[in-house]
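Hello,

Here is the structure we talked about. My notes follow below.

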Amino acid sequence: MKTKSFFNGLAVFALALGFAGCSDLLQTKNSSAGNASAGKNVPGTGSFEISVDAGERYIAAVDYDVNKIESWTIVLKEKTEAGEEPVDPITLTCPTTGEAETSDSSISSVSYDKNSKTLHAQRIPSGKYDIKLEGTYTENGITVTLYGVKTGITVSSDSTKNSVKVLVGLKKTEGTTGDLSLGFTDKALSFEKYTLSPVVTLTKIGDASVVFSTTGDSPALNFAASEADATVWTLTGSSLEPGWYKIEFAVSGSGYTLRIPGDKTMVEIASGITTTATDIEISLISAKIYYATNDASAVNKNGLAASSRKNINALLKKLAEGLPAVQKVEIHMDDVPEIEVSALNGLAAALSKEDSEKQFVIYNKDGSSPVGFTMESMEDDEGNPYYEAKIGIAGSVVLLGSENDKVLTVSSFITSGIEVSIEDVYITLKNGASLNFGDGVELSTDNLLRLCADDFSSYSVKPIVKTCAAYEATNIMLYKTGATEKPTTEYTLIQKTNNDSTCSYYVKPASDKVFDAVTASDALTITAYYTITTEGESGETTEKITVSDPIPYDNADLTFEISGMDSEIENYYWYLNRKTLDTSNNPETATFTFNPHETAVEVDDVNTVSCYVSCGGVLYLKEYEFNFAKPSASAAVWMDSVSKSSSAQFMQVFAFDTGTPATIGDGANSKFYTFDDECTLWTASVKTENVSLSIASYPLLVSAGKYTTSNVVEVAEIDTTDIKDVCFDVKNKNLWVLAELEGYGYKVFKINRGDFYNTTDGAYNVSDTASVLASTTITQLAVDGDTFYFADSDCNVYVSDIIDFTKETTLNEGNLVKNLADTELLTGFDGTLYDSNGYDSLTVTDLQVGDGLGYDTDNLYVLVREYSDTLGYMTENNESGYSVQVSDNYFSRGALIKIDSERNCTLYGWWSDNENAYKLTPEGYSFTDTYYSPSAVSTSEFFGPVKFCAVAPKKLVVLDDGFIWSETENKLKNKDSLVEFDIEAETQPLTRKGAWISVSVPSASYYYLYKQDW
């Protein structure tokens, strides 16, 4: 550049008015310079500093050096109200070295710091002033005087720090003028190429009424190309009023603008001087380029260069007030832009008023264009054309909502004319900003929308996204701000279709702890009910059973329903124990349904159902606290038919806590049954037509007072019809079935409860089965995790760890836990008393680990029963070969045996008083029968335990089936009852519950009473 050399072409005096609180700071600065005033402000005064270092930024009339000023004079003239006496000005004179005295040295002073080129004034009386600055120096016999003014400056000890700018230049002589001659270089021959005639205007700074232009009847300026060189243009003017002027170029209606260096946009006109400069580069551009930043402190920058980036929102709002006359506007950011929604909407409105197509694009530092505007040609109702600005997003951006402007309408994923995939685009929403997508936006699994926010909870009462077309909620991903590697799990996106067929997407927090809701307990009501579906001969029926706290813990659909709000409800948000469930993601329903057995609920503590109702932009909260009431026990009994005349069998089921029979679905006709840890009844049977194992589950529904059939499936083909036992493993939640194989030992089948419930094709495939070989008949099975217990017909109890289901397991002496036919354990047991016909026996009738619900699993409980199958007289042939009646022994007793992990045995309920056994010699007969059985009134001994027939927390419930001799009635009678064993009781653990389950058979004579086959 060949411009004339100059220094400090313009001195911009920045007046920072520092008051009472700043005096120490000023003194520190002065002290560091070595020429500071030691005084401080006194009450009613203030202080300020004036910087005179502006740098080489503008075109000055002559070259001058601020540090050559020999003396500065500051005149402060206080402004007075009408009618007040004028106040004499304060004149502060300061040489550039030392501290100067003033016209009132007892009050005010000023000093100059040559290093920082700063004037410091102290102890200035409070008031409003017009300030005049003047400084002089002499060089080569010529005196240079610099001069500047500023009006309306307030000095007050109560004010905060202020700053002002004073333009200082050569002192102007009134009535004189100056001239101008500036040379420009058009290297691209832009004007000649496009045949353009630019208009140049000079506007005086501080007095906008003074304007000189190249247009008009008598233009004061002339802008023309050189005849010798078309690339050189000269701007000339004469007899111009002295002052500082802003240079502006315009090419009206062309869609182009002119650009010159930022340090050449202001020029000084001085008295009697021609201001000159040459080789100022000028270029014709179709795009106006601005530079922006997110820095909030950069509001007052001009944005015309990277070194003077303007705050992006301040820039957009400024542009909305007056758009540059170019075809394209570019804004280049230094980071991911953080843009106020109001600024974008305001600019869109301003662009829509334009009468031509215009592009407006914001670029990121990586070259991407995250935000842009395109002009779409439209017609109004009368056919008049106009343009409408459409906002596009194609890059990462932060959108800031404001109180009255939060929604940004996005028309496409196009910003700079090229449609892009938004796979890596993250849109961050702050202060409640939300998006409204038009027809040009398409979301899919290949074009996912990624939204980031610090807190999504505000989008529960208003949509985070609205779309013209319905998209799967999974096409919109939610991320916590700064964590974009994987979507957040703290929030769920839910979709709601509006009446106008648009879709609104709301955000539901996974926990309701983030909500700030208004409680409306008086207006809202929550009710609860179970929905029970049963199948009968007439088809499927559905029953709705209303429940209240405590709610039965049933394996069925439990529904909560809210009502009572008069206004139209927008959304419902349901939570169980402060957490959301996948089944509750529909915001349009006033009901909330879940299965307690399939959901994480507090069975033994308080549960809370919370419903947040969105109505009119406000969330109202209603809560429902309740406990679950688990059945205290559940019992089932299988028996022969009452009439004994057929082979028909039936299942009689009881809710143990009430002792009343409960109905059960069809098919419960097997004596092989067990209960799981949810009080569900399971049965196993064999279908003889296809030799398949049939498993059925019957959940106990306390709310309905009955069991229902939840699933009946065929499990596997087996080569036997003889099931031996069925049990439930509480640890692994598996059902186990023991079956005898014809000629090949035994096999155990594992049925996983969860997989069984999920079976939809009517057939369950057993993958885990194991063969078991034994030298005796296996009769019973119990499973505890990977530990298996077996019992055989000889009263042996075995243990085995079946790990490899592909191999056979052989039970031998190494597996033996205990032989329970032990006279040391069962005092009074004597197998020699049994008759020769095999009617008498001691057998293991059932095994169970702990209480069957997961308590006391370190102990195995075993039932043994000594029993006579047939009651009647015994005959044998005498020496003469005639049959005669002889004496016989009859047994009806048993025991509960606990085997701990060390294989120690503890006996409960065994009657051992053989010496006092009841003896009966029928009248007229010579034989005597002996009955080994407890007293009819005994409450602590078993008459014939046959099965753990129920589950109850920390209890064992035993079906006790025996007989007694009634001396009062002179006949045998059934002794059938439930016996409860308290696992935790140290004394008297057995309690006979009475004839809750009674076998209704005819009272028979001595010779016709038969065993009841349980």
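Two strands pair if DSSP finds at least two bridges between them. Strands (E, at least two residues) and helices (H or I, at least four) are DSSP runs, numbered from the N terminus. This is a predicted model: local features need pLDDT of at least 70, side-chain atom pairs count only at pLDDT 80 or more, and totals for chains, interfaces and linings use all residues. Residues are numbered from 1 along each chain as its sequence is written, and side-chain values use heavy atoms, without hydrogens and water.

First, a sheet. Strand S31 (residues 434–437) pairs with strand S33 (residues 465–467) in the parallel sense, over three bridges. Phe437 stands opposite Thr467 in S33. Five strands form the open sheet, ordered S29-S31-S33-S36-S35, with mixed pairing. S29 (407–410) and S35 (491–497) are the edges; each has a single partner strand, so one side of each is left without a neighbour in the sheet.

Next, the cavities. A cavity is a set of points on a 1 Å grid over the protein atoms alone where a 1.4 Å probe fits but cannot get out; lining residues have an atom within 4 Å of a point. Volume is the space filled by probe spheres set on the points, which are joined across faces, edges and corners. The structure holds six cavities of 30 Å³ or more. Of its 26 lining residues, Thr674, Cys727, Phe728, Leu847 and Gln848 are the closest to its centre. S56 gives the largest share of that lining, five residues.

Best wishes

Terms used:
On a 1 Å grid over the protein atoms alone, a cavity is a set of points where a 1.4 Å probe fits but cannot get out, and a pocket is an open set with protein on both sides within 12 Å along at least five of seven lines; lining residues have an atom within 4 Å of a point.
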